[in-house]
Amino acid sequence: MRQLPPKIAGDIYYIGVFDPDIRTFDIVMRTANGSSYNAYLIKTDDGVIIVDTVKKEFQESFFKSIETLCSYDEIRYVIIHHIEPDHSGALPELIQRAPHAKVLISPQATMMLKALTNCEEINFEAIWTNKQLTLGGKTITFLTTPYLHWPETMSSYVHEDRLLFSGDVFGSHYYDKRLFNDKVGDFSYAFAYYYDHIMRPFQSYVKSALKLYERFEIELIAPLHGPILREKPEQYIELYRQWSHKIEQHKAGKKILSIFYLTSYKNTQEMAQAIFEGCESVEGVVANMYDLASIEAQNMIAILEESDGFLIGTPTINADAPKPVWDLLSCLMFLDKQGKCAGAFGSYGWSGEAVDHILARLKSLKLRVPPLTPLKIKLIPSEQELKSCYSYGVEFAEILNGKLVEIDLA
Ligand code: FEO
């Protein structure tokens with residue numbers, strides 16, 4: 001006989017599945033400890049609520065767990081906090097099997113729901129923050145927590161159990177069938193790594209979600225991946241609070257301007273130095289220089305994150321910017337780019353396309369690229385050209401500091 005799935009709170013059961021062998025998640029995340037796709041089932045006097053589903057390839061185990069707890073006819077609601085396929089993969093089959101179930105999603109998930117199930121006739125309701133579901137002695141408040149980490153993500157709070165279903169928030173890619181944070185080993189690296197890769201680009205949304213959570217007494221956090229947080233859940237909330245506020249505390253009101261450069265014959269480095277001096281002459285701006293030839297990706301991310309603006313100095317080799325420059329740009333994927341100012345400069349030998357390529361990329365990433373004349377210098381910069389670099393630095397820093405200019409977002 002199949003064992004009953006584990007209970008995580010009063011009449012709330014774990015019906016998630018384990019993926020211990022996954023080693024790369026969403027292409028960019030390494031998952032040395034595997035992962036889990038957490039889903040839950042709430043039994044009430046008036047029917048059953050399913051909270052999220054699992055990746056499609058694991059759905060049979062998910063359905064078996066449901067079948068040990070209830071019949072499909074008893075399912076009244078399916079709450080989908082996040083519609084990414086690792087949590088909604090089993091939904092199309094579930095709505096076939098549970099004919100009386102209504103799907104509850106955030107309004108932003110409406111179009112995605114249809115695209116995901118390829119079905120126009122789904123019984124669903126879109127729910128905003130503060131909407132409540134009361135069923136058979138359970139009261140659930142819904143909280144819109146967008147961009148954590150898709151536009152449609154939401155959380156919910158079960159009042160009777162003081163339980164937060166947090167979606168991907170507070171998740172970890174860390175498989176351990178012992179389930180609870182006080183039972184599994186030290187997963188702190190996975191918790192921090194998950195924040196860095198999934199939540200960090202959306203820090204302002206993390207702050208908004210934490211504000212929404214503040215009004216609830218939370219004794220248990222049930223995320224969509226990794227351990228369920230029942231011992232000292234407040235410590236995990238505090239970590240998110242610190243990480244999402246780290247940059248403002250560190251900067252203390254100053255504007256940080258980072259100048260990254262790559263150089264073969266020190267020509268682009270000389271330009272960077274002159275620009276740096278120009279930037280530094282502007283009050284309220286702190287400039288720093290970084291040689292891209294010897295900087296680790298993790299350090300690039302940290303520097304870019306705290307930078308209000310950054311400049312990239314690049315030579316042109318075979319009509320392109322060398323790889324370390326593109327590596328730097330790829331780090332922006334992990335960051336909140338909103339409002340950051342950026343530009344490019346460089347010395348070249350023949351044709352100097354690299355600066356234009358980088359400027360185009362910065363614009364396509366929707367960074368603020370001030371409409372300054374592109375700073376490209378053929379081979380060794382003259383005294384006069386270094387003066388132009390200094391002036392460029394002054395002008396860029398002033399714009400960063402709030403001087404009004406027309407910004408080209410095209
Ligand atoms: Fe766990 Fe964003 O999916």
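Which exposed residues does the face of helix 4 turned away from its buried side carry?

A: This is a predicted model, in which local features need pLDDT of at least 70 and side-chain atom pairs count only at pLDDT 80 or more, while totals for chains, interfaces and linings use all residues. Residues are numbered from 1 along each chain as its sequence is written, and side-chain values use heavy atoms, with hydrogens and water left out.

The face of helix 4 turned away from its buried side carries M111 and A115, both exposed. Exposed means over 50% relative accessible area, buried under 20%, and partly exposed in between (1.4 Å probe, protein chains only). Helices (H or I, at least four residues) and strands (E, at least two) are DSSP runs, numbered from the N terminus.

Helix 4 spans residues 110-117, and its buried residues are T110, L113 and T117. These lie on the same side of helix 4, because they cover an arc of only 55° around the axis, the arc being that of the directions from the helix axis to the C-beta atoms. An α-helix has 3.6 residues a turn, so residues three or four places apart point the same way.

The cover over the buried residues of helix 4 includes helix 3 (91-97), strand 10 (102-105) and strand 11 (124-126). After helix 4 comes N118, with a positive phi near 55°.

Note on methods:
Contact = heavy atoms within 4.5 Å.
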